[in-house]
Amino acid sequence: MITVKTFYLNELRECCYILSDETKECVIVDPGISSKSEQDRIVKYISSENLKPVKLLCTHGHFDHVMGNRFITDTYGIPTYIHPADKELLKVAKSTCLLFAIAIKEPSLETEDLKDGDTVTFGHSSLQVISTPGHTWGSVLFYNPEEKICLTGDTVFAGSCGRTDLPEGDNKAMCKSLTEIIAKKISPDTILYPGHGPDTTMEEELAHNPYLRKDVWMGFNLDL
Ligand SMILES: [Zn+2]
Ligand SMILES: [Zn+2]
């Protein structure tokens with residue numbers, strides 16, 4: 001049974017998630033840690049729950065999601081998993097943070113590749129990797145169909161989807177990824193945990209999120 005703990009971090013209120021199970025092993029997803037107090041909140045939770053971090057997972061490489069990567073890998077000595085297409089974003093995370101007057105340590109570039117169809121494991125649990133390029137080239141979802149949870153990064157938000165106007169964004173790829181999410185089988189009773197904002201359910205988004213409504217997409221007559 002997976003427990004999901006949410007932390008809202010940094011000025012962009014990015015969602016960092018810690019997923020653990022009965023073995024006490026855990027994965028840390030998108031540690032956008034920007035301050036000592038945020039470091040302390042994460043460390044305190046992990047130690048108070050007696051958790052053993054085993055992997056750092058990245059839904060994508062944007063600075064607001066990776067600014068605490070180095071702190072996590074230094075503190076726990078665990079490997080970073082990211083889609084190779086977003087490794088370029090890890091390289092510029094430090095300089096991008098400086099634009100927001102945030103000094104960070106460079107994220108480790110020694111990473112393990114995530115690709116579509118992979119399974120990431122911890123304890124007795126596993127997460128399917130679903131590649132969803134669009135917000136960035138290397139955006140992925142982490143999905144567990146048995147426990148009906150899906151971490152959607154900046155691809156799907158409650159009522160919206162991630163922006164595609166940045167240089168690493170691609171609107172057409174996002175359209176394709178969203179239509180695949182609709183078609184794919186993320187069951188309606190799945191809880192979605194986005195990279196920003198509140199959690200939601202697939203059922204709610206299929207009904208009300210304009211970017212996930214099949215009838216809306218069909219009106220565009222996209223050649224996908
Ligand atoms: Zn992003
Ligand atoms: Zn973000």
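H4 is followed by alanine 101, whose phi is positive, near 60°. The model is predicted. Helix H4 covers residues 87-99 and carries a kink of about 50°. The kink is centred on alanine 93. Four residues of H4, namely Leu89, Leu90, Ala93 and Cys97, are buried. An α-helix has 3.6 residues a turn, so residues three or four places apart point the same way. The cover over the buried residues of H4 includes helix H2 (63-66) and strand E5 (80-82).

Ala93 also belongs to the largest nonpolar core, which has 53 residues. Ala93 is among the residues with the most contacts inside this core, together with Tyr17, Val29, Leu57 and Phe142. Strand E2 (residues 14-20) gives the core its largest share, 5 residues. In soluble globular proteins, nonpolar side chains tend to be buried together.

Val29 and Leu57 are themselves listed with the most contacts inside the core.

At the level of the whole chain, there are 7 helices and 14 strands. The radius of gyration is 17 Å, close to the 17 Å that the globule rule gives for 224 residues, so the chain is as compact as a globular protein of that length. The C-alpha trace spans about 50 × 40 × 25 Å along its principal axes. Of the 224 residues, 45% count as buried. Contacts between residues at least 6 apart in sequence were also classed by separation; 62% of them join residues at least 24 apart.

Conventions
Residues numbered from 1 in each chain as written. Chains lettered and ligands numbered in written order. Predicted model: local features only at pLDDT ≥ 70, side-chain atom pairs only at ≥ 80, totals over all residues. Core = buried A, V, L, I, M, F, W, Y, C linked by C-beta atoms within 7 Å. Buried ≥ 20, exposed ≤ 12 C-beta atoms within 10 Å, placed from the backbone. Helix = DSSP H or I, 4+ residues; strand = E, 2+ residues; numbered from the N terminus. Rg over C-alpha atoms; globule rule 2.2 N^0.38 Å. Contact = placed C-beta atoms within 7 Å. Bend = angle between axes of the 7 residues up to and from the residue.
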